[in-house]
Structure formats: structure tokens, C-alpha cells
Amino acid sequence: MWLAKEGHTGLVGINCLEKIQMATPATLYGAMLAGVDAVLMGAGVPRTIPNLLNMLARNEPINFAIDVDGAADGAFTVDFDPVNLLGYAPRVQRPVFLAIVSSHVLALFLAREEAIRPDGFIVEAPPAGGHNAPPRRPEINERGEMVFGPRDEPDLDKIAVTGLPYWLAGAAGTPEALLAALNQGAMGIQVGTIFALSNDSGIRSGIRDQMQAAIHDDSLYVRTDPVASPTGFPFKVAEISGTLSETRIYEARPRLCDLGYLRTAFVKTDGDIGYRCPSEPVHMYVRKGGDIADTVGRQCLCNGLTATVGLAQLHAGGYLEAPVATLGSDLAGAKRLAAQYPAGWSAVQVIDWLESLSLDSPRIKQVRVPSAGFS
Ligand SMILES: Cc1cc2nc3c(=O)[nH]c(=O)nc-3n(C[C@H](O)[C@H](O)[C@H](O)COP(=O)(O)O)c2cc1C
């Protein structure tokens, strides 16, 4: 985070999954020490984060409640005391908190009470890359994909009524979509896919080249996998050869759990806390009280995604972790950029392209000055 803030005056945000709770207080406090401007958090109901950020900004000791299967709410906490840790109370600024939501119902719930109210929303639609909120009515199509329907479209007018600023994500990465979002009342857009495909992204170049080639010949398919992610949320998987999206590669992987970022806590029979993940070896998950049905089709996203950014682990038995690639399912913007930049594009070119139709918009004029802030 400290390095991300170097060499420019722009704003920097940090993104965490609500579901990964154990590290949340320390991660966010560390980011605050480095001057983070915004915290963006979804994949769960991030109702405790506004208060957590308020307390961290005052260097107060934190007892952060974590979910433990089999225990009552609030029975277990992660305790974090910044002053005890550092020996003094540094000046830290409270970052803006943007809750990532996929439904107006959740946005209205979070906006209702001051204690849980975020400073704004990222409104993420079903085509977005990475994890998605589950559809209101779970339905699987003949390709084994999770299907979204009109009921999964967030009602933006209802979100606007909260009076909080919001950004649109998911198939919003084109100049036309940015202009439409601004005209609709959004502050802007959040874009993933075309940045992930850019020459500046951290995705291993060989995988990016495969994706780019498949975009050029219009053969890239991104499926909404209902079970791949051990979090239980639908996850967008780009069908790229040599990755876990191929059955042969998935089945060749020995199940093991050695990174454990997505493990969840449960109460063991002796009352202690244990950790389990439905992507770990099946017998271990079942021995820990997990339901065998939850293990079917699960992928190890911890190892798969680290392999995708070039950090694949080589195990003692010689197995090299295979990557898993995610993108959004809407590739319209990527196809247009591929036509414009056949040799690939940079992140700056993405931003220039996205803003090209909105340069007269007061909002874009404001944010093109890097230090303008959110207001
Ligand atoms: C490669 C990739 C990784 C992503 N990882 C995350 C993530 O870790 N957390 C998150 O909240 N969103 C993640 N997203 C979603 C983006 O933040 C963004 O909301 C989404 O990609 C927007 O839709 P688009 O892909 O159609 O542009 C990811 C998207 C991509 C393409």
C-alpha cells in the first residue's frame, strides 16, 4: 500500500472480502498507516466495517467479532490494539468506505442506520469478474452455469434515494457505459476485465496472451461457476487451456490446502476453534464436520489465483500449481480495445478510452485532477 501511494497524487483504495475476517483489523490498520484513501469491501454484508474504521482512526482497541460455525454471534473476536502494538498512537486518517453490493435491498439496509452506513456503494452487476452475489433464484443451465435473471438487476433509482454516492460495476467498461452511468446519477464506474487484460496487469503474460488471442478470434468464454469457489459464491472462470477450467487439469491436481486464506472457523468437539475449507482434501473436510456435498467441484482459488499472477507453488512431489483465471463475462469492451490496439493496451489507454465520451462531464473534469478527491 505504501508503494502504491508513491509517485503520484491520485487516490488509492484497498479491497477486502468481508468473508475473510481474521486479518481484517490488521490489514485495514496497516493500509491506514500507509495512507489508504478508500476501503472497498463486499462478498458478505460489511455492516461492521464503518465502525471498525472509525475506531482504528482513533487508535482504539478492537474486539472484532468473527463468524465461527457452531458458535453464537459475537462469541469469538479477533483482538487488535494499535497502541499496544506500536507503543504510541500515530495520526491515521479514516478512509472512505465503499460497500460492494449487488442489490438495492442490501444498499437500503446498510444505508438505514448511521452505525453501519457506508460512505458510498459499488453496485456490481452479474457480469462482473471475480466473485458474484448469488442470484435471487438459483438456477443452473445446461452448461452447468449459474443463471441470473431480471430480478438480479439492482434498482439504481432506489440506490440513488439513499443519497450516497455510487459507482457502477459489471459490463460497465465502455465509453458509452461511463457516459450513461454519469447521466443516470452515478459517480462513475468500476472496471475490471479490460484492466486485467492490459499489459499493466499482474496476470502472467502467457495467460494474458492466451486470453488476448481468444478475444481476437472471438473464442473466449467466461462461465459463472456455481461451485468453483470455496466461499460458496458464484465465481467467473475464464475457459483457458492449461488452467483449472479444464477438467483434465482440475482432476490432476492433488487436493491440498497450504495457503488457507479462504478457510472458515468452526467449533471443534473439544470446544476449540478449527479451520476448514471445502477445497481441502475431502476426508479432512468431512473429519472436521464439513458436508461432503460442499466439496464437489471446488477449486483451490488460493493456489490457483497466486499461480495466475506468476507465484505458482511447486510441491515436494513435483506438482506445480495450475492457474485459474477470472474475467467478467462481458467482453464487448475488450473486443473493441483489441481491434484498436492489436498489440495490447496499457491501463492509461484504458482510462483515456473510457473517458473519451465524457470529457465534458463536470464529474470527469473533477476527477481528471488527481487530487480532487471523492466529494
Ligand atoms: C481479474 C479480476 C479480479 C477481480 N478480483 C476482485 C476482487 O478480488 N475483489 C473484488 O471485489 N472484485 C474483484 N473483481 C471485480 C472487479 O473489481 C470489478 O467490479 C468487475 O471486474 C467489474 O466488471 P467488469 O469485469 O465487467 O469490468 C475482479 C475482476 C477481475 C476481472
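Analyst: A polar contact is a pair of N or O atoms within 3.5 Å; within protein, one must be able to donate a hydrogen and the other to accept it, and residues adjacent in sequence count only if both atoms are side-chain atoms. This is a predicted model, in which local features need pLDDT of at least 70 and side-chain atom pairs count only at pLDDT 80 or more, while totals for chains, interfaces and linings use all residues. Residues are numbered from 1 along each chain as its sequence is written, and side-chain values use heavy atoms, with hydrogens and water left out.

User: Which polar contact does the side chain of R94 make with the side chain of N54, and at what distance?

Analyst: The two side chains make a polar contact at 2.5 Å, and a polar atom of the R94 side chain also lies 3.3 Å from the backbone oxygen of P50. R94 sits in the loop between α3 (82–86) and β6 (96–101), where helices (H or I, at least four residues) and strands (E, at least two) are DSSP runs numbered from the N terminus.

User: Which residues of the largest nonpolar core touch the most other members?

Analyst: A nonpolar core is a set of buried Ala, Val, Leu, Ile, Met, Phe, Trp, Tyr and Cys residues joined through side-chain atoms within 4.5 Å, buried meaning under 20% relative accessible area (1.4 Å probe, protein chains only). Of its 66 residues, L28, F121, I194, M211 and L327 touch the most other members. A second, separate core of 12 residues includes A228, F235, L262 and Y319.

Conventions. Buried < 20%, exposed > 50% of the residue type's maximum accessible area, 1.4 Å probe, protein only.
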